[in-house]
Amino acid sequence: MTKHKSYKIGVIGGAGYVGLVTSVGLASIGHNVLSQDLNLNRINLLKNGKSEVYEEGLENILSDLITQKLINFTHNIEQTISHSDVIFVAVGTPSLADGRADMSQIISVAEKLRDLIDHHTIVVVKSTVPVGAIEIIQDILSERLTIGEDFDVVSNPEFLREGSGLVDFYNPSRIIIGSNTDFARKSLKEIYQPLIQRDYKVSNPFSIKNQIIEILLTDPVSAQMIKYASNAFLATRISYINEIAGISEKVGGNISDIIYGIGLDPRIGSDYLKPGIGFGGPCLDKDLRALITLSEENYFDSVMLNGVLRRNDLQLQEVINKINFVLGSSLYKHKISILGLAFKEGTNDVRHSLSIRLAKFLIEQGAIVTGHDILAAKEAAEMEDKLIVSDNLNDVLNQAEIIIILNSEKIYSQIDWSIISPKTYIIDTRGIVNIDELKKYSIEYDILGTK
Ligand code: UGA
């Protein structure tokens, strides 16, 4: 195997979802990684191989890296900057009230870099930042340093999905490098070379052999647009299928057959076309809003993207309508159980979870709401204190007049309906329940998108 160059890499925001997977991934392909975060609790846990962020398989790889001294965690940003030849910035860019991305964390990191860089450093922006932000970062650094001589800035957006972050790190659909300098482009290509050649320092179960990983070299603005346009397209698919599901339900169609049927066209495919309560989580909604704001700021009317957002905002109401249809307009003291509390299956992240939004609404209406999640029970209870949370599925099932399935967790498709009272009503927003079983036990149900 070729000997690859090992870079000294710092990751700022290294205990968040993106920063942590990036830190672990880069260390596991042979780079000397120092991962920094202001969250001291998370950093102390990570030093001991424990992660508050749930990613399948992460703690195993992390413990191998720690044993072999291939990764370090710190609270100290000064130490991280002086350690590194390349700094990956993975701090958050949450939405402001007007839809723009909040740049305050990025700006404060850029100011630190401006004040502390003492040798040539490549600053790689992983966080999804508004188009134009790379220039702002360059301007801040240029107040004391010289571009090209002291630093370079690269946009290298991530396409990791929460819960399958490591699968996506080891098998990226593409690596986008947005930079105007040859030196930075060459260095970034070198950093990812061991990944492309499947040369790992620790074993991982995620790598798919023979997959060709494409690197696209482009300018920073196009790199950022690729990120925004990708998330907006994914959001569009979800709003599209939610709209088709709504129409299908009215006219008596079966949404599973419809998805299968349209997906047979290879130009469309059936991936990422699951109807449901809408897209939640920290990325799609935020990035879609940021893209709409960007187009407005540039006097361009993004009719379509606004429609995607509007459908998503209406989707929760579709589920509430179904509940009212069964229980009537007053939900006071009605017992409702929600299955799936994180923003999607496979994660313990409850940020922008539409399940939690639904629970809050039902609780405000006086309903008694019980929720279940195999990974996010603790996080959901912390976010909504009036929600009764349990990780015992049978308890949650037995307490309800209505059970609402909100994510595609496998255990929800395998529920033993024989133990449920036939008076219970099932609302399945994901189309995963076994209808024959429900019929067998005379349980009434409503499948989103299917009459
Ligand atoms: C999304 C993108 O998929 C990643 O490529 C991207 O890197 C990431 O955002 C990001 O920008 O950081 P993520 O938010 O982790 O990843 O989760 P997704 O799996 O995309 O799901 C987003 C939401 O859409 C969830 O609420 C999910 O339940 C919903 N969804 C997804 C559907 O309703 N139907 C589907 O078919 C797929």
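**View 1. Helix α9 and the ligand shell.** α9 gives the most to the shell around the ligand, four residues. The model is predicted: local features need pLDDT of at least 70, side-chain atom pairs count only at pLDDT 80 or more, and totals for chains, interfaces and linings use all residues. Residues are numbered from 1 along each chain as its sequence is written, and side-chain values use heavy atoms, without hydrogens or water. α9 (220–251) and α11 (284–297) each supply at least two shell residues. Helices here are DSSP runs (H or I, at least four residues), as are strands (E, at least two), numbered from the N terminus.

**View 2. Residues around the ligand.** The ligand has 21 residues around it, and E162, K227, N231, Y272 and K274 come nearest. A residue is near if one of its heavy atoms lies within 4 Å of the molecule.

View 3. A polar side-chain atom of Y272 lies 2.4 Å from a ligand oxygen atom. For N231, a polar side-chain atom is 2.8 Å from an oxygen atom of the ligand. L273 brings a polar backbone atom to 3.2 Å from a ligand oxygen atom. Polar contacts are pairs of N or O atoms within 3.5 Å.

**View 4. Loop residue N210.** N210 is found in the loop between α8 (182–196) and β8 (215–218). Its phi is near 70°, positive in a residue other than glycine. N210 is exposed, with a relative accessible area of 75%. Exposed means over 50%, buried under 20%, and partly exposed in between (1.4 Å probe, protein chains only).

**View 5. Loop residue H352.** H352 is found in the loop between β9 (335–339) and α13 (354–364). Phi of H352 is near 50°, also a positive value in a residue other than glycine.

Notes. Polar contact = N/O pair within 3.5 Å; in protein donor to acceptor, adjacent residues only side chain to side chain.
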